[in-house]
Amino acid sequence: MGDTRMPKRVRIRCINKTDRRNAHERIKNVGGVNSDGTRWKLSVKKTIRDLESREWEYYVEESGVTVEVIVATDGRHKYIKTTVDGIQPDNLLSLPECP
């Protein structure tokens, strides 16, 4: 029998950017707010590991539209991005800076 546990879903509400222009290096951290009001922040490397383990799912919500965060690659480097939603191509990059 396979593992029947559901992944934990977490909304990303903010990011920290680097000064790099490459898609795989542009975001260094993602963050959000826990149910108790405390803030959390993870490195992109940790976020990628979480997504690949399928233990966690991350998403962005904007104007009532939810889009999933996925792992992408440029052939050499892994990075995170949102699935195409047809509204705004850079959902993650448009989020505010994390404190």
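Lys8 has a relative accessible area of 39% and is therefore partly exposed, a state that lies between the cut-offs of 20% for buried and 50% for exposed. The model discussed here is predicted.

**Lys8 and its surroundings**

- Lys8 belongs to strand S1, which covers residues 8–11.
- Apart from neighbours within four places in sequence, Lys8 contacts Glu55, Trp56 and Glu57.
- Lys8 is placed over the face of Trp56, 4.7 Å from the ring centre.
- The C-alpha atoms of Lys8 and Arg54 are 8.8 Å apart in space, although 46 residues separate Lys8 and Arg54 in sequence.

**Aromatic residues**

- A pair of aromatic rings is described by the distance of the centres and the angle of the planes.
- The count of aromatic pairs in the model is 2.
- One of these pairs is formed by Trp40 and Tyr58, whose ring centres are 6.2 Å apart with 45° between the planes, a tilted arrangement.
- This pair connects distant parts of the chain: Trp40 is in strand S4 (residues 39–43) and Tyr58 is in strand S5 (residues 56–62), 18 residues apart.
- Trp56 and Tyr58 also pair, with centres 6.4 Å apart and planes at 15°; the pair is therefore stacked, since planes under 30 degrees apart count as such.
- Trp40, Trp56 and Tyr58 together make up one aromatic cluster.
- Both Trp40 and Tyr58 are buried.

**Nonpolar core**

- In soluble globular proteins, nonpolar side chains tend to be buried together.
- The largest nonpolar core of this model has 17 residues, of which Ile12, Val69, Ile80 and Leu92 touch the most other members.
- Two or more residues of this core come from each of strand S3 (27–33), helix H1 (44–53), S5 and strand S6 (65–73).
- Helix H1 makes the greatest contribution to this core, with 3 residues.
- Beyond four places in sequence, Ile12 touches a set of residues that includes Trp40 and Tyr58, both named above as an aromatic pair.
- Other residues touched by Ile12 include Val30, Val60, Val69, Leu92 and Leu95.

**Disulfide**

- The model contains 1 disulfide.
- This disulfide joins Cys14 to Cys98, with an S to S distance of 2.1 Å.
- The link between Cys14 and Cys98 is right-handed, with 95° about the S-S bond.
- The two cysteines come from distant parts of the chain, 84 residues apart: Cys14 is in strand S2 (residues 14–17), while Cys98 is in the segment after S7.
- Cys14 counts as buried because its relative accessibility is 5%.
- Cys98 likewise counts as buried, because its relative accessibility is 9%.

- Thr82 is found in strand S7, which covers residues 78–82.
- Is Thr82 buried or exposed? Its relative accessibility is 7%, so Thr82 counts as buried.
- The side chains of Thr82 and Asn91 make a polar contact at 3.5 Å.

Key. Residues are numbered from 1 along each chain as its sequence is written. This is a predicted model: local features need pLDDT of at least 70, side-chain atom pairs count only at pLDDT 80 or more; totals for chains, interfaces and linings use all residues. Side-chain values use heavy atoms; hydrogens and water are left out. Rings of Phe, Tyr and Trp (its six-membered ring) pair if their centres lie within 6.5 Å; planes under 30 degrees apart count as stacked, over 60 as edge-to-face and the rest as tilted. Helices (H or I, at least four residues) and strands (E, at least two) are DSSP runs, numbered from the N terminus. Buried means under 20% relative accessible area, exposed over 50%, partly exposed in between (1.4 Å probe, protein chains only). A charge sits over a ring if NZ of Lys or CZ of Arg is within 6 Å of the ring centre and within 35 degrees of the ring normal. A polar contact is a pair of N or O atoms within 3.5 Å; within protein, one must be able to donate a hydrogen and the other to accept it, and residues adjacent in sequence count only if both atoms are side-chain atoms. A nonpolar core is a set of buried Ala, Val, Leu, Ile, Met, Phe, Trp, Tyr and Cys residues joined through side-chain atoms within 4.5 Å. Contact means heavy atoms within 4.5 Å. A disulfide is a pair of cysteine sulfur atoms within 2.5 Å.
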